[in-house]
Amino acid sequence: MVGDLLADQSDTQARMTASDLGLAFSFDSSQILDGLTDGLRIIDRDYTVCFINKAFARLSGVNPESAIGKKCFDIYPSSFCHGPGCRLKKIASNTGCIQEEIERQKPDGTVATCIVSAFPLFAPSGTFCAIVESFCDIMKERQLEREIEQSQVAEDKLKELLEQEVDLRRKLEATLSERAEFIRIIAHELRTPLTAMLAASDILCDGITSEPMQKLAKQVNKGALDLSTRINELFDLAKGEIGMLKLRCQEVFPNRILAGTLAYFAAEAKQAGIKLIPDWPDDLPSAWGDHRRVTEILNNLIGNAIKYTGENGQITVRARSKDNHILFSVEDTGCGIPPEKQSQIFQAHRRLNAQGEKRDGMGLGLALSKMLVELHGGQIWAESEGKGSIFSFTLPLLSNQKDVPLW
């Protein structure tokens with residue numbers, strides 16, 4: 001510290017002489033003191049400022065020319081002046097040294113934080129004549145300490161959040177495991193009697209030729225098939241929500257899937273008085289996907305279109321190669337979808353009628369279709385302006401399969 005330096009500089013002290021205002025320095029001594037990085041101030045026993053170096057002027061904001069020869073409390077007033085905390089009084093009373101941390105507000109309003117080291121200065125006769133104070137600026141150190149403290153608080157908080165995340169992850173994994181087991185058990189419990197019902201209804205349909213019993217047998221068989229489909233959709237959707245729904249992707253041929261799907265719905269569409277229109281080129285390139293799941297997506301979209309399209313309506317099924325994917329579209333002339341409901345149609349349990357209100361049914365088909373399309377790395381959306389709707393989705397080309405998640 002500057003105080004220690006000055007205390008040891010006996011030669012410098014020897015060149016200092018008492019004057020009416022305090023102390024006078026040689027030119028060389030003043031240059032040395034002005035070159036110090038710590039602030040230096042010397043006050044005589046009458047509280048008169050005898051010397052201020054440039055570093056102190058920067059720290060305090062005090063102009064040296066206007067401060068020399070004035071009382072310290074006039075140029076830099078403090079609540080400690082003339083009180084028990086006054087360093088001058090403390091040093092004068094016991095001629096000891098003092099070191100303390102202080103904060104002082106500069107004339108511009110900023111606050112300087114310093115470590116002050118003060119010690120007495122004696123004339124050659126041994127008489128106490130002045131106090132020497134050195135001011136070491138510790139603003140950067142205190143700022144660094146605050147930043148370290150804040151960083152530690154943030155680190156502790158982050159550690160706490162990470163521990164909470166780990167705990168939540170464990171609980172989530174346990175919950176997902178329990179839910180997966182529950183799904184497996186429920187699927188087994190439902191499908192076991194349903195399998196027997198389907199087998200029995202198939203036998204009845206083949207064995208009964210007279211009406212109305214054959215019609216009733218077919219209704220039982222159709223109801224069992226519909227129930228099986230709904231159960232499969234429900235459990236696929238549940239598995240998808242917990243990340244257990246997997247695809248078996250390979251090369252698929254869109255032409256074959258489209259032709260097979262339209263053939264499957266041909267009888268139902270004819271019975272409903274709806275015209276099915278195919279619209280795709282013969283040279284559609286191969287795509288990358290799960291054949292069964294892509295067929296399921298198209299089945300859901302075309303099946304929905306038939307439900308919402310009245311007699312004498314038409315449904316156009318399109319497919320085109322575009323950029324790095326196949327674009328499929330199912331366009332109907334049905335009731336359409338109100339604009340305010342279009343954002344809800346891919347949510348489970350959101351089955352809408354012509355007025356956009358919820359209809360009876362679980363409404364799982366579109367939610368499951370969205371999940372399957374996204375598992376393929378594609379997108380699905382709906383468009384409707386007044387009457388009619390267009391449901392579209394994309395499927396990656398075989399040449400782009402490296403960008404699709406392989407399950």
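Me: What makes helix 11 and helix 12 a contact, and which residues meet?

Reply: The model is predicted. Contact means heavy atoms within 4.5 Å. In helix 11, Arg293, Glu296, Ile297, Asn300, Leu301 and Asn304 meet Gly365, Leu366, Leu368, Ser369, Leu372 and Val373 of helix 12. By class, this contact has six nonpolar, four polar and two charged residues.

Me: How are the axes of helix 11 and helix 12 placed?

Reply: The axes of helix 11 (residues 291-308) and helix 12 (residues 365-375) come within 9 Å and cross at roughly 145°. The crossing is left-handed.

Me: Which residues of helix 10 and helix 11 meet, and what is the hand of their crossing?

Reply: From helix 10 (residues 254-271), the residues are Ile257, Leu258, Thr261, Leu262, Tyr264, Phe265, Glu268 and Ala269. They meet His291, Val294, Thr295, Leu298, Asn299, Ile302, Gly303 and Ile306 in helix 11. By class, the contact has 10 nonpolar, five polar and one charged residues. The two axes come within 10 Å and cross at roughly 35°, and the crossing is right-handed.

Me: How do you know that the span of helix 8 agrees with its number of residues?

Reply: Helix 8 (residues 139-207) has 69 residues, so at 1.5 Å a residue it should span 102 Å. Its end C-alpha atoms are 97 Å apart, which agrees. There is a kink of about 25° at Arg191, shortly before the proline Pro193.

Me: Which residues of helix 8 are called buried, and what do they pack against?

Reply: They are Ala180, Ile183, Ala187, Leu194, Leu198, Ser201 and Cys205. These buried residues pack against helix 9 (213-241).

Me: What kind of peptide bond joins Glu211 and Pro212, cis or trans?

Reply: The bond is cis, with omega about 5°. Pro212 is in the loop between helix 8 and helix 9. Most peptide bonds are trans.

Me: Why is Tyr47 called buried?

Reply: Its relative accessible area is 17%, and buried means under 20%, so Tyr47 counts as buried. Tyr47 lies in the loop between strand 3 (39-44) and strand 4 (49-52). Its phi is positive, about 70°, although Tyr47 is not a glycine.

Me: Is Asp323 buried or exposed, and what is its phi?

Reply: The relative accessible area of Asp323 is 68%; exposed means over 50%, so Asp323 is exposed. Its phi is near 55°, a positive value in a residue other than glycine. Asp323 lies in the loop between strand 11 (314-322) and strand 12 (325-332). Most residues other than glycine have a negative phi.

Note on methods
Residues numbered from 1 in each chain as written. Predicted model: local features only at pLDDT ≥ 70, side-chain atom pairs only at ≥ 80, totals over all residues. Heavy atoms only, no water. Helix = DSSP H or I, 4+ residues; strand = E, 2+ residues; numbered from the N terminus. Expected span 1.5 Å × (residues − 1). Bend = angle between axes of the 7 residues up to and from the residue. Buried < 20%, exposed > 50% of the residue type's maximum accessible area, 1.4 Å probe, protein only. Axes fitted to C-alpha atoms, helices over the stretch in contact; angles between N-to-C directions. Left-handed = near helix turned anticlockwise from the far one by under 90°. Nonpolar A, V, L, I, M, F, W, Y, C, P; charged D, E, K, R; others polar.
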